[in-house]
Amino acid sequence: MEHVRDLTLLPKAHLHLHFTGSMRPSTLLELADKYGVRLPDALTSGEPPKLRATDERGWFRFQRLYDAARSCLREPDDIRRLVREAAEEDVRDGAGWLEIQVDPTSYAPLLGGMIPAVEIILDAVDAASRDTGLGMRVIIAANRMKHPLDARTLARLAVRYADRGVVGFGLSNDERRGMARDFDRAFAIAREGGLLAAPHGGELTGPASVRDCLDDLHAVRVGHGVRAAEDPRLLKRLADRQITCEVCPASNVALGVYERPEDVPLRTLFEAGVPMALGADDPLLFGSRLAAQYEIARRHHAFTDEELAELARQSVRGSAAPKEVQAKLLDGIDHWLTG
Ligand SMILES: [Zn+2]
């Protein structure tokens, strides 16, 4: 029998993980208890909730669950715990690098304002990184449901903290609302400040939303981007420019973007030469973490170990990790294959 390599030992970079969504389910229960928050049953059943985000009601429901979980993060200690546990979980899953995504606006009211919120988050990331040995950075993400002026303010704030661990600027929430180009100024500010542009696109809406990310926001990475699979010319463009798609298979299935794990077009993107960084998105809500995404590639798409190693390399190359960190991880990936 052929030796099966352990995917939790495959070094990889995790580039698509949302802040509250990274929480351990057991931690959410403890924090809800601490603050007397009554959580929706969908968050306490021990089973990932059934969501259909492809219609607006389903997306709204997903956001409501996310908000309920976020309302349990009230003190700096909760933030520190969340980040440390996210780092611990990712280390266990073989991550050698983590970029965690956060919209500080949502946490600011309880943490004393935007600047204190950002500083608490960045300090927590520093501490978690020191404690676990995992390299970590932050992507600050604007919310496309809010006004583009808010996104500009956030971009300026993100740039101010570029030397404190912020490496990128994102754009999240319902792709069906607003146009990417409404946020072009915010992204220009972020790019001019040296941050990488990593907006969400091509998840709930089709290839056009990925094109908008490239044309209007000059994305160097795209959150999800899977729907690009529907447009061969766009795939070629992504491949030619080596734009990394942060593909989150379990999330896609949980939110009904695709019916089954085997329907997520991992093969299509891979064969087209589009770099991918598999990510967990919101493990709290979708029930699986980083290594499980690689398991999906192996089990449902018959990725060989050589191909899985190549996926891991793509995640590392798409990351904002310093060159020496990348080199070490790439080395570890070779060892995983040959060891
Ligand atoms: Zn996301």
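In which hand, left or right, does α5 pass α6?

The model is predicted, with local features requiring pLDDT of at least 70 and side-chain atom pairs pLDDT 80 or more, while totals for chains, interfaces and linings use all residues. Residues are numbered from 1 along each chain as its sequence is written, and side-chain values use heavy atoms, without hydrogens and water.

**View A. Crossing of α5 and α6.** α5 passes α6 in a right-handed crossing (the near helix is turned clockwise from the far one by less than a right angle). Helices α5 (residues 114-132) and α6 (residues 148-160) (DSSP runs of H or I, at least four residues) have axes that come within 12 Å and cross at roughly 45 degrees (lines fitted to C-alpha atoms over the stretch in contact, with angles from 0 to 180 degrees between N-to-C directions).

**View B. Surroundings of T20.** T20 lies in the loop between β1 (12-18) and α1 (25-35) (strands being DSSP runs of E, at least two residues). Beyond four places in sequence, T20 touches Y66, A69, R70, L73, L82, Y107 and L284 (heavy atoms within 4.5 Å).

**View C. I296 in helix α13.** Leaving aside neighbours within four places in sequence, I296 contacts P249, A250, P261 and H301.
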